Amino acid sequence: MTVTNKKPSHDTQPSGSGAPGELASSSARFRDLISRSDDDKCWYWLGAVNDRGYGVFRLGRRLVVAHRHMFELEHGRPPSGMVLHSCGKKSCVNPQHLYEGTKPKRPDADASRLEKIEREALPPAPPQRGASGVSNPRAQLNEEQVRSICASLDKGVSPRVIAFSFGVDPKSIRNIDQGKTWRHLPEVAQRADAPRRRRRGGWRRYGP
């Protein structure tokens with residue numbers, strides 16, 4: 001499949017919270033995460049996919065479903081109901097394959113198999129250089145939640161317990177604990193640089 005970076009002919013700014021500059025940046029990142037092909041073929045989503053197989057994207061402080069957001073860009077309004085795929089491929093965001101409806105078609109096993117094969121042949125998503133925190137389209141947390149996580153870690157709460165309460169993988173909590181992610185927040189940067197020692201019940205950091 002030939003992948004190009006054609007810019008859509010419509011650039012309607014999506015609705016939602018956030019400053020205009022932030023939304024414009026999100027819109028540019030959204031376009032970068034689409035594998036465009038011919039107009040009649042599937043345009044697969046290169047970003048994060050939820051457990052139901054649909055693409056997801058962080059727009060400002062909201063987590064949106066990629067194909068619904070594409071419908072909104074195409075029509076200049078939010079969908080009034082469900083957005084369905086005429087191609088039967090959940091991660092497709094080609095606006096020509098999207099339509100409003102009330103009753104999804106029955107799952108097509110052949111379409112699902114073809115989608116899996118075609119997606120495996122796609123290039124990786126482009127790196128989001130300079131994108132940190134909520135600006136990263138793969139972010140599952142916001143800054144307020146990360147600060148709360150830091151406070152829980154300081155109290156010795158297990159990363160596994162924290163991960164369960166926030167609905168994320170324990171590795172995400174450990175990355176925060178070690179300053180590998182969200183380091184632009186002072187609370188995380190402080191923790192990453194502070195000495196620590198092992199305590200019963202988890203890591204407890206000691207520092208200024």
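Which residue just after H2 takes a positive phi? That residue is Gly 76, with a phi of about 70°.

## About the model

This is a predicted model, in which local features need pLDDT of at least 70, side-chain atom pairs count only at pLDDT 80 or more, and totals for chains, interfaces and linings use all residues. Residues are numbered from 1 along each chain as its sequence is written, and side-chain values use heavy atoms, with hydrogens and water left out.

## The whole protein

Let's start with the overall picture. The protein holds seven helices and eight strands; helices (H or I, at least four residues) and strands (E, at least two) are DSSP runs, numbered from the N terminus. Of its 208 residues, 39% count as buried, where buried means under 20% relative accessible area with a 1.4 Å probe, protein chains only.

Contact here means heavy atoms within 4.5 Å. Looking at contacts between residues at least 6 apart in sequence, you will find that 53% join residues at least 24 apart.

## Helix H2

Now for H2, which spans residues 66-75 and is mostly covered, with seven of its 10 residues buried. Those buried residues are Ala 66, His 67, His 69, Met 70, Phe 71, Glu 72 and Leu 73.

## Arg 31 and Met 70

Helix H1 covers residues 20-32 and includes Arg 31. Arg 31 counts as buried because its relative accessibility is 18%. Met 70, one of the buried residues of H2, is 39 residues from Arg 31 in sequence, and their C-alpha atoms lie 9.6 Å apart in space.

Definitions and conventions:
Buried < 20%, exposed > 50% of the residue type's maximum accessible area, 1.4 Å probe, protein only.
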